[in-house]
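This report is meant for a reader who is meeting the structure for the first time.

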Amino acid sequence: MDNECQDKNNIYEGIQKCFGSLQVVETVRQSKILLVGVGGVGSEVLKNLAFSGFVNIHLVDLDTISVSNLNRQFLFRSEDVGKWKAIVAKERIEKLCPWSQVSASVDNIRSRKFPLEFFKQFVAVICALDNHKARLYVNEVCAFAQIPMFETGSTGYQGQVIPILAGSTECYSCEPKPQQQNEQIPVCTIRHRPETVEHCIVWAMYLFDVLFGNLEDSNPLSDEKDYKISYLASDSVSNSETKKTDLDEDWENMTCKRIFHKFFIEDLQSIQELKKDTFLSLSTLKIPSKEQLNNCLLNVQQKYSIEELKKEEQNPHQSVWTSEKACEVFIFCLKQLLRKWKESQSILMFDENDTISLAFVTAASTLRAEAFGIVPKNSFDVRGAAGRIIPALSTTNAVIGGVVVFQLLRFLSGSPVKDLYNARLSQVPRPRPRHQDEAIISPEVIRSPVEECIICHRLILVSCDATKVTVMQFIEDGLKGQLKLDPFSVATDSGFIIYEAEQDDQAISTASSSKIDTQTIAQLQLEEQPLSVLDDSGVNYRAWIKHQCDVALTTELIFRE
Amino acid sequence: MSATSAIYDRQIRLWGLETQSKISTSKVLLYGYHSGLLEELAKDLVLTGIGTLVIGEYSGETLGKPTLVNYLGQDLEELVKALRILNPNAQIHTMNSYIEENLPGRFEKGNDVQTLSRLVETRAFGIFGLIGEKVGSPVGLSLDRICRDNNTLFAYVETVGALGFLILDLGSNYTYRSMNKSHPSSKARNIANNKSQVITLDDSDEEKEQKSQPSFVENTLFYPTLEEVFSSILSQRSSQKYLIFLTFMRQYNEQCHANSHPDVQEIQKQLEMFLQLHNIVTRHSELQSLYNFCSFMNVEMISVSSCLAGILGREIVKLISRNEKPIFNTFIFDAFACTGSIVQVASRVDRKRSRQDEADSIVYDI
């Protein structure tokens with residue numbers, strides 16, 4: 001107990017001396033902090049918060065611990081693999097720091113379980129997420145709640161910390177971020193003329209989904225549903241019902257043959273035909289022969305094992321597979337997957353951590369790359385590309401976790417958010433203008449919000465009793481009456497249109513829309529989530545309906561100039 | 001190997017298997033105050049997969065010991081236990097238990113420096129880290145000398161409130177490889193690959209073989225000793241306020257005899273005398289910063305330690321892999337300014353030599 005007091009005193013003495021006031025110590029002690037994401041950066045942030053004297057910390061994370069986290073997430077151990085990060089982190093930090101009061105939610109931060117009031121109880125939010133979508137969401141909620149958010153990120157040797165207070169500083173959505181890779185590749189590139197090995201890997205993942213997975217319309221190969229395994233299987237069952245084991249093996253071989261023939265011989269041949277018609281591409285495709293396929297079908301079972309493939313996938317220096325090997329591994333994996341499918345009788349999802357799935361995609365991408373004269377990748381690199389694996393280091397996270405918590409302390413000591421810095425950690429030192437030295441951690445002045453940013457300029461906060469107010473009242477009394485807007489459409493982010501202005505000439509009020517109008521906000525579950533509002537003049541707004549029992553409908557623009 | 005590959009997957013993707021296996025056989029000795037800084041550094045190294053880590057701390061009652069924030073263990077034994085849980089494969093010992101187990105009989109009782117000196121002389125450790133100078137009786141300069149004499153890479157780290165310092169002495173002949181971007185044959189190769197031009201190369205077959213292998217240049221750096229660094233700070237007119245403060249603080253701590261921590265005004269008065277004594281002229285704004293720094297004396301902030309340890313941790317990986325230029329030779333972190341910068345503090349002769357040798361070093365094509 002003595003030790004505990006000593007530790008606590010040491011912590012507060014540091015803050016008091018660095019910031020030159022006792023007030024800061026009190027503020028730190030009282031402030032509730034929300035930490036979203038307890039991964040690499042999150043673990044470091046949590047530790048730094050607790051040992052900087054923060055007592056009340058709430059964690060939100062929906063992920064479980066995996067083996068590859070253990071090189072940096074020091075709160076987790078190998079026996080924790082599979083457990084919830086938020087729960088384990090809470091337990092561990094409370095052991096290390098007995099006076100802290102950490103609470104944890106295993107949930108998506110975008111869940112409606114976290115209403116605006118939830119966010120408002122915190123002095124600041126630290127965002128230690130790994131994806132764009134969730135970051136955008138937290139950025140938006142913090143803007144609605146008008147609380148500062150400290151956005152962090154780390155990739156390999158690089159990292160950054162960005163303090164944000166919407167309306168006063170540049171926010172996370174001020175600058176549009178690049179979309180995820182896959183969506184940018186045109187369908188015809190994937191189907192007919194891959195240019196890079198990444199295109200081949202994406203194609204191979206789509207192939208996996210065609211055969212075993214959920215065939216979505218967005219899949220560029222969606223017209224190949226005849227080759228869904230469930231379809232191929234029902235095809236053969238109806239034919240005969242003779243001895244079962246023989247049949248299984250025959251069916252496997254036949255299916256492998258059909259699939260290979262279709263996707264690696266027939267399809268390539270037809271692409272070749274297409275190419276002949278155009279003058280540009282003169283190079284011929286390297287198409288596997290039927291003999292090669294038949295050879296592969298024999299004896300692949302003895303030649304490969306899951307253990308061998310697993311060993312290979314962990315070796316970054318393994319050589320790229322020859323087309324012969326790729327062909328054999330493809331058949332081997334296809335057979336394994338067929339069996340797995342038969343046993344479970346349910347769809348299989350591609351998982352880059354599953355050796356067979358990964359080897360399947362590696363083999364398929366290798367064959368395709370070879371055919372198009374592209375240099376293929378080995379299974380280690382395919383795993384990185386297919387799983388969008390981002391390299392991560394404990395040291396980078398330690399730096400980012402340290403910088404962000406110190407910035408938070410500066411904010412609590414009275415510095416406005418716009419007077420803090422955007423911090424950048426770089427791998428190679430960068431020369432500093434007007435200084436004689438180079439920097440690896442460099443401060444950047446925080447800019448003002450971008451003019452066009454909706455989050456920074458056009459947020460509508462609605463407070464009402466969601467169980468009583470109808471959609472009609474929200475539109476008519478709120479948006480039109482109180483804000484004098486002329487809404488053209490209002491919709492949720494999942495695409496549910498709750499209001500559309502009637503066209504003058506075709507005043508059709510469909511039964512469904514009138515039904516929506518008279519329902520309450522709560523009945524349609526519209527409260528506590530961001531809504532898109534498009535004004536008749538073409539201006540976009542974002543709105544948030546905050547539920548409060550028994551209050552009259554009030555609607556306000558948060559940033560009124 | 002398979003299980004460990006899975007754990008280190010995210011960093012192997014960055015620095016490769018070769019570096020990872022070098023890390024797993026590396027031996028590092030850390031010594032100094034059992035501070036948050038020590039724990040942070042040890043934690044980062046152990047997570048990264050270091051082979052052997054031995055940790056020692058200043059013995060006896062240390063006068064004027066700073067206010068420290070450690071969290072993994074109350075004492076070194078506890079810390080070692082906690083670190084072993086983080087990585088059961090690593091060899092982690094306190095200095096005392098390491099000596100008992102590995103070098104029985106060879107050590108008589110001596111003072112800290114004598115013990116360390118014998119340990120460094122075994123040349124078992126590639127890297128030595130000094131975590132905070134000992135208040136009252138500094139050991140940094142002598143330990144640096146011992147490390148230099150025994151080809152042991154030396155790092156000195158110190159945090160003072162919101163400031164962090166890291167000074168490396170990697171000896172008078174530190175070599176590392178770096179990718180050669182302007183290598184003439186690699187240029188020719190690029191053009192040949194682009195097929196935009198037909199080039200006749202004498203050894204075209206060899207060229208083809210090397211296609212996937214990037215070429216490396218061997219570089220050499222000449223580090224000044226810790227002593228040279230400190231003497232040059234005071235002799236140079238343009239020394240940064242941070243370095244002036246570090247030198248002052250070291251001197252102040254050396255003379256510290258009081259058991260209790262003095263108040264800021266007293267330290268500031270001492271600072272004024274120090275500046276006068278060494279004829280250091282500062283601008284008004286710099287003087288103001290120096291006064292502010294005085295209130296940082298003797299306290300540790302975990303966020304600053306986390307940062308500084310992260311930077312040193314990544315330098316240590318560089319020292320192990322020898323594939324990148326390490327910090328040459330001083331790193332300064334200011335948490336308020338949110339800046340971590342690298343400055344070259346050295347005697348003029350050394351600096352000149354190192355630049356020249358960097359330019360003239362022999363090119364190896366691997």
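Helices (H or I, at least four residues) and strands (E, at least two) are taken here as DSSP runs, numbered from the N terminus. This is a predicted model, in which local features need pLDDT of at least 70 and side-chain atom pairs count only at pLDDT 80 or more, while totals for chains, interfaces and linings use all residues. Residues are numbered from 1 along each chain as its sequence is written, and chains are lettered from A and ligands numbered from 1 in the order in which they are written.

B:Cys147 has its place in helix α7 (residues 140-149) of chain B, and A:Cys188 lies in helix α8 (residues 187-191) of chain A. A residue is called buried if 20 or more other C-beta atoms lie within 10 Å of its own, exposed if 12 or fewer, and partly exposed in between, with C-beta atoms placed from the backbone.

| Residue | C-beta neighbours inside 10 Å | Class |
|---|---|---|
| B:Cys147 | 26 neighbours | buried |
| A:Cys188 | 9 neighbours | exposed |

Two residues are in contact if their C-beta atoms, placed from the backbone, lie within 7 Å. Leaving aside its neighbours within four places in sequence, B:Cys147 is in contact with B:Val120, B:Phe128, B:Thr152 and B:Phe154. From B:His34, B:Cys147 is 113 residues away in sequence and 21 Å away in space, C-alpha to C-alpha. For A:Cys188, an unreviewed UniProt entry carries the annotation "active site"; such positions are given in the numbering used here, feature names are shortened, and annotations may be inferred rather than shown by experiment.

Chain B contains 15 helices and 10 strands, and of its 366 residues 43% count as buried. Among the contacts in chain B with a separation of 6 or more, 78% are between residues 24 or more positions apart.

Where the chains meet, 55 residues of chain A are in contact with 53 residues of chain B. Several elements of chain A each supply at least two residues of the side that touches chain B, including α1 (2-19), β7 (421-431) and β8 (438-445), and the largest share, 11 residues, comes from α18(A). Two strands are said to pair if DSSP finds at least two bridges between them. Across the two chains, β8(A) and strand β10 (residues 339-343) of chain B run antiparallel and are joined by 3 bridges, with A:Ala439 standing opposite B:Ser341.

**Strands within chain A**

In chain A, strand β12 (residues 530-535) pairs in the antiparallel sense with strand β10 (residues 487-492) over 5 bridges, and A:Val490 stands opposite A:Val533 there. β12(A) also pairs in the antiparallel sense with strand β13 (residues 540-547), over 5 bridges, and A:Ser532 has A:Arg542 as its bridge partner in β13(A). The hairpin of β12(A) and β13(A) has 4 residues between the strands, and in this hairpin A:Gly538 takes a positive phi near 90°.

**Nonpolar cores**

A nonpolar core is a set of buried Ala, Val, Leu, Ile, Met, Phe, Trp, Tyr and Cys residues joined through C-beta atoms within 7 Å. The largest has 202 residues, and A:Leu35, A:Ile126 and B:Leu166 have the most contacts inside it. Beyond its neighbours within four places in sequence, B:Leu166 is in contact with residues including B:Ala155, B:Leu308 and B:Phe331.
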